[in-house]
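Have the viewer open and try each task before reading its solution.

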Amino acid sequence: MNRPVKDHEILSAVFAKMDVIALALAAGVLFSLALFLATAVLLLQSVPENYPVGPHLSALADYLPGYSVSWPGTLVGAFYGFFVGCVAGFVAAVYWNLAHYVALGVMLISAAELAD
Amino acid sequence: MGNYQNMQVANSNVDGVNLKLLHAAIRFNALMLGLTGGTIAAVVIYFATHASMARWGADSGNYLGLLAVFFPGYSVSSGGAWIGAFWAFVYAGLFSWLSYRLYGRVLGSRISELLLSAAPTDNPVLRPSIMRLHGASLGLAIGAMAGLGLFFSTTWLVVRGTAAESVHAALLANYIPGYSVSLLGGLVGGLGLFVFVFIGCQLLAAVYNKIVETRHK
């Protein structure tokens with residue numbers, strides 16, 4: 001007779017909270033690495049002399065002051081990537097948890113109305 | 001009772017797991033993730049459009065304006081920001097919703113043992129546990145959706161007859177070897193993106209789970 005236990009576990013998994021700090025840091029690490037590698041890959045490709053390297057990715061400098069497609073730029077990009085990732089992860093986790101709380105509130109109110 | 005109905009009844013309880021509850025749970029979380037992804041994307045597009053207008057004025061929209069290829073009616077303008085937000089909500093919401101459906105499908109009846117960081121609390125609704133992420137399932141789900149997304153976007157560029165002019169899309173070949181704005185290139189690109197996203201999701205889940213373990217010992 002293990003169904004109630006399993007049902008309880010499924011409900012626990014569905015309503016489990018996202019760890020806001022953990023998702024913010026994990027997304028920060030991922031974004032940081034992604035922007036570092038995106039810049040480094042362009043720098044490692046051979047281009048003709050006097051040919052601009054990564055003019056499109058360089059346009060990110062409009063939003064990220066100090067960023068450029070260069071080796072020092074990889075570090076600046078990694079820093080910004082971490083910051084942007086942290087903000088994105090934080091917002092996503094908070095929104096996820098909040099959406100669950102709101103949905104739960106609606107369900108509890110509906111259940112209370114039905115009980116009345 | 002037909003064979004299919006017999007099979008449904010027989011499958012309604014596998015290893016003590018109430019499949020009806022499990023599927024309802026996956027549908028609920030898919031809706032939550034769809035709303036989360038859609039809303040965040042809509043807000044980002046709305047503010048990115050206004051930021052572009054504030055920064056470049058009449059010259060804005062060189063890159064952001066290219067979104068009109070996929071967002072009918074979009075332009076870098078005040079009205080366009082709302083249209084962009086609508087399409088971003090639709091695309092990102094659908095992407096997130098489908099990703100979670102796939103994620104839940106891959107996790108299956110192991111959902112609780114894979115996602116819970118500790119034993120379930122006595123009241124999972126009012127005192128929820130902390131969620132873990134399952135990297136392989138997450139990678140498969142988001143990777144598949146991202147790969148399909150790139151394939152269909154590329155196909156759209158080919159179908160509308162602007163493949164040769166899509167120089168910005170073609171730049172993806174810098175990162176995904178073999179990609180080009182063609183049907184075959186879209187297929188290769190989709191597979192390549194699947195691999196990158198799968199690796200990214202594994203990394204995200206590993207770091208997230210490690211921090212969760214450290215913080216909730």
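Predicted model: local features only at pLDDT ≥ 70, side-chain atom pairs only at ≥ 80, totals over all residues.

Let us start with a pair of helices: helix 5 of chain B passes helix 7 of chain B in a right-handed crossing. A crossing is called left-handed if the near helix is turned anticlockwise from the far one by less than a right angle, and right-handed if clockwise. Helices here are DSSP runs of H or I with at least four residues, numbered from the N terminus.

Residues are numbered from 1 along each chain as its sequence is written, while chains are lettered from A and ligands numbered from 1 in the order in which they are written.

**Exercise 1.** Work out how helix 5 of chain B and helix 7 of chain B are oriented to each other.

Step 1. Take the axes, which are lines fitted to C-alpha atoms over the stretch in contact, with angles from 0 to 180 degrees between N-to-C directions. For helix 5 of chain B and helix 7 (residues 183–215) of chain B, they come within 7 Å and cross at roughly 155°.

Step 2. Apply the classes: under 35 degrees is roughly parallel, over 145 roughly antiparallel, 65 to 115 roughly perpendicular, and the rest oblique. Helix 5 of chain B and helix 7 of chain B are therefore roughly antiparallel to each other.

Step 3. Sort the contact residues of this pair: 19 are nonpolar, 11 polar and none charged. Ala, Val, Leu, Ile, Met, Phe, Trp, Tyr, Cys and Pro count as nonpolar, Asp, Glu, Lys and Arg as charged, and the others, Gly among them, as polar.

**Exercise 2.** Classify the packing of helix 3 of chain B against helix 5 of chain B.

Step 1. The axes of helix 3 (residues 78–107) and helix 5 (residues 135–159) of chain B come within 8 Å and cross at roughly 140°.

Step 2. Helix 3 of chain B and helix 5 of chain B are therefore oblique to each other, and their crossing is right-handed.

Step 3. Residues are in contact if their C-beta atoms, placed from the backbone, lie within 7 Å. Helix 3 of chain B contributes residues including F95(B), L102(B) and Y103(B), and helix 5 of chain B residues including L138(B), M145(B) and G149(B). By class, this contact has 12 nonpolar, 3 polar and no charged residues.

**Exercise 3.** Describe how chain A and chain B meet.

Step 1. Each side is counted in turn: chain A gives 39 residues to the contact and chain B gives 39. Helix 2 of chain A supplies the largest share of the chain A side, 11 residues.

Step 2. Zoom in on helix 4 of chain A and helix 2 of chain B, which pack at about 130° with axes 10 Å apart. That makes helix 4 of chain A oblique to helix 2 of chain B.

Step 3. In this pair, residues including W96(A) and H100(A) meet residues including M32(B) and I40(B).

Conventions. Contact = placed C-beta atoms within 7 Å. Helix = DSSP H or I, 4+ residues; strand = E, 2+ residues; numbered from the N terminus.
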